[in-house]
Amino acid sequence: AQTLIRFGGPGIAREDPDFITAYVVNHILGGGSFSSRLYTEVREKRGLAYSVSSSLVPLAHASAVAGGTATRPDRADEAVTIIKGEVERFAAEGPTADELAKAKSFMIGSYALRFDSSSKIARQLLGIQLDGLGADYVTKRNDLIAAVTLEDARRVAKRLYGHATDLLVLVGPKKGEPPPRS
């Protein structure tokens, strides 16, 4: 049995001028899988979970930032403390110059992999159309990411993650209760 942990707060709309910066900043905090701050703190340093992530959820009429993990019930409070602390620190300080440079390099360099099969091409073009990004998005996307400055990244980290753990949900066995047997 595991305890599922989900967190979230207000997000950023896809058409917001800060969206690309938010996308890069999220990669650094929890969207970059093995390279993210949350992954480093929760999995690598403490072994609390197999995976942990954050994501942007830009919907038509509302947007959110969301994230989560799953861990042993007896370590759930510890995981929550680590996640909240890292999110709060990230909101206050933002990314480092090195984190930003590495994230931008990875995001720009790996973009071509989204177009290496017919199904991926179709998925990318559909997403671009649904988000109303324009036919030229494929050619300008990497330039938008490259243009993200450290000042902008820190400003958007504060804006985006200042309330990112306001909603916190844990689902799992009660403390002290043995896991269910199957």
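Me: At about what angle does helix H2 run to S2?
Reply: This is a predicted model. Helix H2 covers residues 37-44 and lies across S1 and S2. Its direction relative to S2 is about 150 degrees.

Me: Which strands does H3 lie across, and at about what angle does H3 run to S1?
Reply: H3 lies across S1, S2, strand S3 (63-71) and S4. Its angle to S1 is about 25 degrees.

Me: In what order do the four strands of the open sheet come, and which are the edge strands?
Reply: The pairing is antiparallel, and the order is S2-S3-S1-S4. An edge strand here pairs on one side only. That gives strand S2 (52-58) and strand S4 (167-171).

Me: What span should helix H3 have, and how far apart are its end C-alpha atoms?
Reply: H3 has 18 residues, 76-93. At 1.5 Å a residue they should span 26 Å. The end C-alpha atoms agree with this, because they are 26 Å apart.

Me: How wide an arc do the buried residues of H3 cover?
Reply: The buried residues of H3 include Val-80, Ile-83, Val-87 and Phe-90.

Me: Which exposed residues does the face of H3 turned away from its buried side carry?
Reply: Exposed means over 50% relative accessible area. On that face of H3, the exposed residues are Thr-81 and Ala-92.

Technical notes
Residues are numbered from 1 along each chain as its sequence is written. This is a predicted model: local features need pLDDT of at least 70, side-chain atom pairs count only at pLDDT 80 or more; totals for chains, interfaces and linings use all residues. Side-chain values use heavy atoms; hydrogens and water are left out. Helices (H or I, at least four residues) and strands (E, at least two) are DSSP runs, numbered from the N terminus. The expected span of a helix is 1.5 Å times one less than its number of residues. Buried means under 20% relative accessible area, exposed over 50%, partly exposed in between (1.4 Å probe, protein chains only). Two strands pair if DSSP finds at least two bridges between them. Contact means heavy atoms within 4.5 Å. Axes are lines fitted to C-alpha atoms, for helices over the stretch in contact, and angles run from 0 to 180 degrees between N-to-C directions.
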